[in-house]
Amino acid sequence: MKVLVLGSGVVGVTSAWYLAQAGHEVTVIDRQPGPARETSFANAGEISPGYSSPWAGPGVPIKAIKWMLMHFGPLVVRPKFDPYMALWLAKMLRNCTSMRYARNKARMVPIAEYSRDCLKALRAEVGISYDERTQGTLQLFRTQKQYDGSAGDIEVLKHFGVPYELLDPDGCIKAEPALAHVKDKFTGGLRLPNDETGDCQMFTEKLAALCAEAGVKFRFNTTITSINTSTSRIASVSTETEELIADAYVVAFGSYSPFLLRRIGVYIPVYPVKGYSITVPITNEDAAPVSTVMDETYKVAITRLGDRIRAGGTAEISGYDLTLREKRQATLMHSVGDLFPKGGDLTEASFWTGLRPMTPDGPPIIGGGTRYSNLYLNTGHGTLGWTMSCGSGRVLADIISGKSPDVDPLPLNISRYG
């Protein structure tokens with residue numbers, strides 16, 4: 001079939017790759033001049049299936065108030081007159097129960113685990129490199145309460161057979177030797193040894209080049225003006241200069257997916273949650289992280305990417321505002337400087353922000369199920385787009401090809417919202 005993929009972030013490009021491998025004729029459209037120029041550009045770099053959890057959970061509403069009052073708080077809400085923001089927040093609050101948290105996490109972990117396996121297979125098949133490391137993720141607890149509170153997550157990890165290690169401070173230092181310099185600042189950690197890290201932008205650019213070699217056509221610097229419908233099907237997509245016709249259409253525009261879909265009567269509960277990152281050149285390899293350390297107190301992920309440290313975090317609910325705010329940079333720099341004070345040159349840090357496409361319950365939206373039989377969605381991955389990208393692309397390609405995916409796609413379908 002001819003398949004049109006709308007969006008060239010990591011989710012759009014992995015979708016294009018697996019569709020092309022399945023024998024389809026694929027074209028990718030994006031308004032940007034190249035792949036991975038928005039949310040995939042400078043994310044935290046962690047590939048963390050075991051850390052795949054919904055943001056909505058029991059106790060989160062109370063924690064949110066505390067986070068907003070912290071000096072280096074991980075959460076910022078900037079209220080505005082936006083009915084979509086209000087509706088999304090209301091739906092998220094509804095999911096802050098133990099039952100819904102368990103159900104939503106159970107929907108997220110399988111696709112995340114599968115995605116990591118797909119990434120490994122892809123890496124072995126084509127030899128793609130992207131400053132990758134396979135040394136796990138360490139969730140670092142600064143307080144005993146955080147350490148004790150990990151019991152709930154451990155039960156879920158056990159349920160899904162995800163390997164883990166609950167570590168005391170010495171165990172944390174064995175996994176991340178540079179933490180020996182700040183041993184007094186943490187009580188222990190939860191290590192997920194099967195997690196990975198890597199530069200998402202580098203991966204996406206290289207995979208896009210492989211896609212092109214496989215026959216995928218890319219139309220960059222191309223703005224979509226409308227999706228045109230005919231009864232129960234998508235008829236075409238219009239750009240500023242032409243009309244493009246395909247047999248199937250994939251919307252992978254991240255946070256911007258709802259804009260196009262609303263125009264054709266398809267409503268998805270995806271809203272942007274803004275995140276920030278800094279990238280710091282390493283000055284002392286022995287004092288830098290070897291993989292990813294998740295600073296649980298500030299919700300900051302600190303990752304080793306080649307000769308750089310990438311720190312990403314903050315959840316800012318402020319619509320589509322891309323303003324770089326110095327206070328958010330201060331939070332990231334504090335976390336890095338506090339845990340790895342001699343690892344990198346913070347005076348040379350580059351600062352970035354991007355919009356994470358979040359669903360109120362946590363799992364992404366993958367597959368068909370809309371009023372249009374040839375419309376498919378691959379969006380709403382939130383902070384886990386890099387983690388879930390290969391698996392999401394593979395599942396979507398199987399659905400479009402009429403094959404049964406290795407992961408049950410029904411819990412990820414838009415129909416779960418009724």
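1. To start with terms: contact means heavy atoms within 4.5 Å. Helices (H or I, at least four residues) and strands (E, at least two) are DSSP runs, numbered from the N terminus. Axes are lines fitted to C-alpha atoms, for helices over the stretch in contact, and angles run from 0 to 180 degrees between N-to-C directions. With that in hand, look at helix 11 (residues 385-400), which lies across strand 13, strand 19 and strand 20 (375-379) and runs at about 170° to strand 20.

2. A word on where this comes from: the model is predicted, with pLDDT of at least 70 needed for local features and 80 or more for side-chain atom pairs, while totals for chains, interfaces and linings use all residues. Residues are numbered from 1 along each chain as its sequence is written, and side-chain values use heavy atoms, leaving out hydrogens and water.

3. Now the sheet under that helix. Six strands make an open sheet in the order 9-2-1-13-20-19, with mixed pairing; two strands pair if DSSP finds at least two bridges between them. Strand 9 (217-219) and strand 19 (365-367) are the edges, each with a single partner, so one side of each has no neighbour in the sheet. On average, neighbouring strands here are turned by 25° against each other, direction ignored. Inside the sheet, strand 1 (residues 2-6) and strand 13 (residues 248-251) pair in the parallel sense over 4 bridges, and Val5 stands opposite Val250 in strand 13.

4. There's another open sheet, with 3 strands in the order 10-11-12 and antiparallel pairing. Its edge strands are strand 10 (224-230) and strand 12 (243-244). Strand 10 pairs with strand 11 (residues 233-239) over 6 bridges, and Ser230 stands opposite Arg233 in strand 11.

5. Two residues to check by eye. Most residues other than glycine have a negative phi. Thr231, in the loop between strand 10 and strand 11, has a positive phi of about 60°. Thr314, in strand 17 (residues 308-317), has a positive phi near 75°. Are they buried or exposed? Thr231 is exposed at 78% relative accessibility, whereas Thr314 is buried at 4% (buried is under 20% relative accessible area, exposed over 50%, partly exposed in between, with a 1.4 Å probe and protein chains only).

6. Last, a helix pair. Helix 1 (residues 10-21) and helix 8 (residues 200-213) pack at about 30°, with axes 9 Å apart.
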